[in-house]
Amino acid sequence: MADHSTVKRNEDKLKDAFDLSNFDMNAIIRGAQLTLVGAHRALQNPAIFTNAHYKQAAIAVGAGIAIRLAIAVPIIGIKVLLSVSSYVLRLDGATWADNVVSALDLIANHVLQIPLFLMTLMRYVTPTLDDMFMDSLRWVDTTYVSKHKDENPDSLRDMYYPNLRQYKQKDGSTHSGGSAEAITMFVWRFVRKASISLAVFALSYVPYVGKLVLPAASFYTFNKAVGLGPAAVIFGTGIFLPRRYLVIFLQTYFASRSLMRELLEPYFARVHMSKEQKRNWFRSREGLLFGFGVGFYTLLQVPLLGVLIYGIAEASTAYLITKITDPPPSPNATTQQQAEFLSNQQVWRNKHEFLDLSLANLDTKLGDRWNDETEQKDL
């Protein structure tokens, strides 16, 4: 009997290791679709086209130019210096200088993710992005009611904006109301991630074992996030990929996850979950969030308009929230009701039903159906 139970536990562990239910292709594709659908819905909001937002849009474009210059000017300066040095020292400067500049560009844009860091840092400087999220959430609720105006009001889902706007706002990571601590923690997270990325990138140049460093880092990362199966495939593929493409692939994954965490900050600044609860929340929705994040991360690469697109991504996240979470309870709800709500959000319960919807029916109310299914299972 003991041997049988041990075998059963080992089988369950093996199934869990190769479980792709939270990172399946269908969820990733739906996340990428929501990138476009959410952006379209956000741009339909007339509140975005106010004088205040036009001003912020102009500032965003200016910030985009400043970010590009902040990265490009030092690299161009180094290239000029290398060109002059190679001419004076009579070296084969053209190839050598181009290789150095190409490596610096790779490090700045993909290893250190400096453009994304500077964009997300703006959140802690101005409240515009948080305001845009809440304005868009109100617009999503309004649009939902308008689309279902001929239906019985009692059959509609609860609204998100009225309750969420009353929640006390704190930093989603530190649960502190102070901006100084939030900025400090954000910068520290960037420095830590950048240091690890730079160290891994440097180790990839070590003779003999260097070619295994990036695939091993990919395996470690994906094994923790999505399981052993995908991690093994990525490790095997990474051995044969050129270093540059593997760096871009790995950092795109990291950047899309970081981007999603920042875009969801206005939600978690109000819905206060513990670290374990947030980990479960993200893990349950891993595939869809990756598709949504990598979609907007790709759009952020548009020269000069990256910061402006970041604002649209924040507005689109409000639409995303209404598809993957339940409406929050009233801030006057009892402690037990609040705890029950947070507990219910750990698992994305209407996942399969939502992924099966066509794009034209994304606003269909799913709550009643999956609640009935849950009750039947409990019986």
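Trainee: What is the relative accessibility of V187?
Mentor: This is a predicted model, in which local features need pLDDT of at least 70 and side-chain atom pairs count only at pLDDT 80 or more, while totals for chains, interfaces and linings use all residues. Residues are numbered from 1 along each chain as its sequence is written, and side-chain values use heavy atoms, with hydrogens and water left out. Buried means under 20% relative accessible area, exposed over 50%, and partly exposed in between (1.4 Å probe, protein chains only). V187 counts as partly exposed because its relative accessibility is 30%.

Trainee: In which helix is V187 placed?
Mentor: Helices (H or I, at least four residues) and strands (E, at least two) are DSSP runs, numbered from the N terminus. By that numbering, the place of V187 is in helix 8.

Trainee: What is the area of the nonpolar surface patch that includes V187?
Mentor: Patches are made of residues with over 30% relative accessible area and no salt bridge; like charges are joined within 9 Å, and nonpolar side chains (Val, Leu, Ile, Met, Phe, Trp, Tyr) within 5 Å. Accessible areas come from the Shrake-Rupley method with a 1.4 Å probe, and for residues only the protein chains shown count as cover. M185, V187, W188 and V191 make this patch, with an area of about 330 Å².

Trainee: How many salt bridges are found in the whole structure?
Mentor: Side chains of opposite charge can pair when their charged atoms come close. A salt bridge is a side-chain nitrogen of Lys or Arg within 4 Å of a carboxyl oxygen of Asp or Glu. A search of the whole structure gives a count of seven.

Trainee: In which helix does E262, the partner of R189, lie?
Mentor: R189 and E262 form a salt bridge, the closest N and O atoms being 3.4 Å apart. R189 lies in helix 8 (residues 179–203), so the pair ties together parts 73 residues apart in sequence, E262 being in helix 11 (residues 243–263).

Trainee: Does E262 count as buried or exposed?
Mentor: R189 has 19% relative accessibility, and so counts as buried. E262 has 8% relative accessibility, and so counts as buried.

Trainee: What is the angle between the planes of Y253 and F254?
Mentor: Rings of Phe, Tyr and Trp (its six-membered ring) pair if their centres lie within 6.5 Å; planes under 30 degrees apart count as stacked, over 60 as edge-to-face and the rest as tilted. A search of the whole structure finds nine aromatic pairs. Y253 and F254 form a tilted one, with centres 6.0 Å apart and an angle of 55°.

Trainee: What kind of aromatic pair do Y267 and F268 form?
Mentor: Y267 and F268 have ring centres 5.3 Å apart and planes at 80°, so by the cut-off of over 60 degrees the pair is edge-to-face.
Both residues also belong to one aromatic cluster with W281 and F282. The kind of pair is edge-to-face.

Trainee: Which residue has its charged end over the ring of F268?
Mentor: A charge sits over a ring if NZ of Lys or CZ of Arg is within 6 Å of the ring centre and within 35 degrees of the ring normal. R261 lies over the face of F282, 4.1 Å from the ring centre. For F268, the charged end is 4.8 Å from the ring centre and belongs to K278.
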